[in-house]
2 protein chains.
Amino acid sequence: MAKQNIFDNDTFFEGYQALREKEVNANNLFELPTLNALMPDLTGKRILDLGCGSGERCADYLKRGAVSVVGIDISEKMLEVAKRENADPAITYLHMAMEDIASLEGPFDVAISSLALHYVEDFAGVIEKVHDLLSEGGIFLFSQEHPFSTCYTGKGERWTRDENGKKIHLNLADYCIEGKRETTWFVDGVQRYHRTFSTTVNTLAKAGFQILQMEEPYASPEILEKYPEYYDLFHKPDFLFVKAKKTSLY
Amino acid sequence: MAKQNIFDNDTFFEGYQALREKEVNANNLFELPTLNALMPDLTGKRILDLGCGSGERCADYLKRGAVSVVGIDISEKMLEVAKRENADPAITYLHMAMEDIASLEGPFDVAISSLALHYVEDFAGVIEKVHDLLSEGGIFLFSQEHPFSTCYTGKGERWTRDENGKKIHLNLADYCIEGKRETTWFVDGVQRYHRTFSTTVNTLAKAGFQILQMEEPYASPEILEKYPEYYDLFHKPDFLFVKAKKTSLY
């Protein structure tokens, strides 16, 4: 199946870097705080970071007490940043697609993936490989784009707005039609893979994961007061988080 | 918390009975086949049916090999039908709200609930009580209205249609705002309780259930050919199913 490396496209890479450098964005308001709230105790743990990008989080996992971190990414450009800005003897950065992790030497105690799995076509294959690489009772924590986002085919407007431009409701269609979606995000032809909630849950359960927690973060009253534009998350959360535990008892 | 007994309203009861008696409806095309596909082996099992209604399914569980069935329902009218049409020495019908099942004498091996839990305000309380009543490794299988349905507040149109009346997309809003929704279904003021996917999953996980499978059924090509009006399920599944196993290991 296809392995997408959109992050090595110059235009995409620059657009993405600029977005991430904005002081306030959905990542630092919602994604990172939720991931951190779900983070297990990493003391003494061996971590696998799937889609580590520029490595900030790998460095953070060490600060949280991890003994070693392996960060993999399909993008050489992102890994160059990681090796320059977030190098540490306890971190190993590898140029590798998530689909190829079977070649890694495990086990790991915790696997983490932030906003990368919606780029993966072979979701079931990756989930099985993560399960294989984890120690018994090991934790898999990931975020991905929310199914309300990934289902969008690009046909028609994503939102219906009132006369002042305020979003009234999401135009939700094709939720049950899974698979590839090509959208424009900095560049044309960015490929995401849509999966329903039930497919996400069933794929994990079938691979032998027990689901501990899921989250679909939206704006707290405090965030809403400062950044009222995020009222739209009440209609459509941007991210879906899953925390699951490897079990061989199922 | 409120316990709703809408089925004892005469107008609602008659409207609901008429709907169920239609030869082709969403229940016999999608709900019942999916529930049956998820059904565990009932041979020798003690069954609890939460919201048993007129008891057809209690009778079916016996045919599947169950040794005993306790069917509870808040509606006396529904139970009258059950006792008249689906009586059996191995079935006990009890007039009881789901919220009050702690008074039942367990354990049960399998708890099943078909399209009733979206009427329940205290979801967490019911889930905990079901967990208490199940034997170790016991199965809890339920269907409920899909969150894309329960989130609808009654403001605005539910669907956007093209000039021929065909549904183009669901107008999805307020998904992250959980709680009571009052809608009109045969009568005004029918109360449903909206919960997100993540709340549903987290409530089960917290109570000690391992989620085995979830389903959001939509129309197969065969059904679509006969009943093309069900194309709308690609946009909005009507039902959400959960199959979970009691575990004390979590």
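Predicted model: local features only at pLDDT ≥ 70, side-chain atom pairs only at ≥ 80, totals over all residues.
Figure 1. Residues are numbered from 1 along each chain as its sequence is written, and chains are lettered from A and ligands numbered from 1 in the order in which they are written.

**Figure 2. The contact between chains A and B.** Chain B and chain A each bring 33 residues to the contact (two residues are in contact if their C-beta atoms, placed from the backbone, lie within 7 Å). On the chain B side, the elements that give two or more residues are β7 (167-172), α7 (197-207) and β10 (209-215). Helices (H or I, at least four residues) and strands (E, at least two) are DSSP runs, numbered from the N terminus. β10(B) gives the most, with 6 residues. Of the residues on this side, 19 are nonpolar, 10 polar and 4 charged. Ala, Val, Leu, Ile, Met, Phe, Trp, Tyr, Cys and Pro count as nonpolar, Asp, Glu, Lys and Arg as charged, and the others, Gly among them, as polar. The copies meet through the same surface, because 100% of the interface residues of chain B are also interface residues in chain A.

Figure 3. β7 (residues 167-172) of chain A and β7(B) run antiparallel, joined by 3 bridges. Two strands pair if DSSP finds at least two bridges between them. A:N171 stands opposite B:N171.

**Figure 4. The open sheet of chain A.** Its 7 strands follow the order β3-β2-β1-β4-β5-β11-β10, with mixed pairing. β3 and β10 (209-215) are the edge strands, each pairing on one side only. β2(A) and β3(A) run parallel, joined by 5 bridges. Here A:V70 stands opposite A:T92.

**Figure 5. Helix α4 of chain A.** The buried residues of α4 (76-85) are A:K77, A:M78, A:L79 and A:A82 (buried: 20 or more other C-beta atoms within 10 Å of the residue's own, with C-beta atoms placed from the backbone). Their cover includes α1 (10-21), β2 (68-73) and β3 (91-95) of chain A.

Terms used. Buried ≥ 20, exposed ≤ 12 C-beta atoms within 10 Å, placed from the backbone.
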